[in-house]
Amino acid sequence: MTPIPWPPVGAEPAVVPPAAPVHANGTGRPGDDALIATFNLCRDELVSTLLYLLGNQDDAQDAAQEAFLKCWRARQSVPDVLNLRAWIFRVGLNAAKDYQRSAWNRKSRPLPEDEVMMPGRDDAPGRTIEEQETLDRLRVAITQLRQDEKEVFLLRQNGELTYEQIAEVRNAPVGTVKTQMRTALIKLRKVLNPNGASGEE
């Protein structure tokens with residue numbers, strides 16, 4: 001499945017990783033380069049995912065920055081991580097939940113619905129009006145999912161986590177995660193194809 005990016009509200013400040021420490025032999029620690037490279041590759045999808053969850057561009061950027069810093073502080077464990085992308089998304093989700101729990105961010109400033117409809121960097125020049133309208137409807141539909149459905153869908157879609165990994169992140173049974181994913185897909189398919197069969201994953 002293709003990740004569903006959120007259209008950027010403006011120029012996004014880059015998440016700048018700290019310089020890798022240089023050893024006497026002139027190289028960084030094992031895992032440093034892999035972490036930086038993987039984070040840079042999945043950064044856009046991570047920020048998009050956090051934006052769907054937090055509803056605010058600044059909070060999403062801050063949570064992504066915090067996620068990188070947490071990953072960086074734990075970088076000695078990178079060589080033992082089987083799926084670095086999944087690990088980064090797990091840390092990112094936890095960072096988003098920290099923001100949601102904080103007193104300051106309970107006063108969240110959600111994006112107006114018209115900003116959801118702004119073109120994103122994924123909007124290729126050759127995209128038809130119909131394709132763009134479908135993508136816009138999908139973006140709005142994702143924001144209207146229940147929080148648990150939204151988290152599961154985005155971790156599966158953008159984070160590329162397995163159901164087992166998502167269950168671990170959310171402290172939920174695998175069966176519950178699969179049910180939430182199936183429900184999310186049914187709801188999204190109804191938006192995209194209201195006259196068609198709902199189907200299952």
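Which residue lies over the face of Y163, and at what distance from the ring centre? In this predicted model, R156 takes that position, 4.2 Å from the ring centre; a charge is taken to sit over a ring if NZ of Lys or CZ of Arg is within 6 Å of the ring centre and within 35 degrees of the ring normal.

The model is predicted, so local features need pLDDT of at least 70 and side-chain atom pairs count only at pLDDT 80 or more, while totals for chains, interfaces and linings use all residues. Residues are numbered from 1 along each chain as its sequence is written, and side-chain values use heavy atoms, with hydrogens and water left out.

The protein contains eight helices and zero strands, where helices (H or I, at least four residues) and strands (E, at least two) are DSSP runs numbered from the N terminus. The order along the sequence is α-α-α-α-α-α-α-α. Of the 201 residues, 45% are buried; buried means under 20% relative accessible area, exposed over 50% and partly exposed in between, with a 1.4 Å probe and protein chains only. Among contacts (heavy atoms within 4.5 Å) with a separation of 6 or more, 70% join residues 24 or more positions apart.

In soluble globular proteins, nonpolar side chains tend to be buried together. A nonpolar core is defined here as a set of buried Ala, Val, Leu, Ile, Met, Phe, Trp, Tyr and Cys residues joined through side-chain atoms within 4.5 Å. The largest such core has 48 residues, and L35, W87, I88 and F153 have the most contacts inside it. Two or more residues each are given by α1 (32-54), α2 (57-73), α3 (84-101), α5 (129-143), α6 (147-157), α7 (163-170) and α8 (174-192). Helix α1 supplies the largest share, 11 residues. Apart from neighbours within four places in sequence, I88 is in contact with L35, T38, F39, C42, L46 and C71.

Helix α1 is not straight: a bend of about 55 degrees occurs at R43, the bend being the angle between axes fitted to the seven residues ending there and the seven starting there. The end C-alpha atoms of this 23-residue helix are only 29 Å apart, short of the 33 Å that a straight helix would reach at 1.5 Å a residue; the expected span is 1.5 Å times one less than the number of residues. G55, which follows α1, has a positive phi, near 75 degrees.

Two aromatic pairs are present. Rings of Phe, Tyr and Trp (its six-membered ring) pair if their centres lie within 6.5 Å, with planes under 30 degrees apart counted as stacked, over 60 as edge-to-face and the rest as tilted. F39 and F68 are edge-to-face, at 4.8 Å centre to centre and 75 degrees between the planes. This pair links distant parts of the chain, with F39 in α1 and F68 in α2, 29 residues apart. F68 and W72 are stacked, at 5.9 Å centre to centre and 20 degrees between the planes. These two residues are four apart in α2 and are therefore separated by about one helical turn. F39 counts as buried because its relative accessibility is 1%, and both F68 and W72 are buried. F39, F68 and W72 form one aromatic cluster.

Helix α6 is largely enclosed by the rest of the structure, because nine of its 11 residues are buried. The buried residues of α6 are D148, E149, K150, E151, V152, F153, L154, L155 and Q157. Their cover includes α1, α3, α5, α7 and α8.
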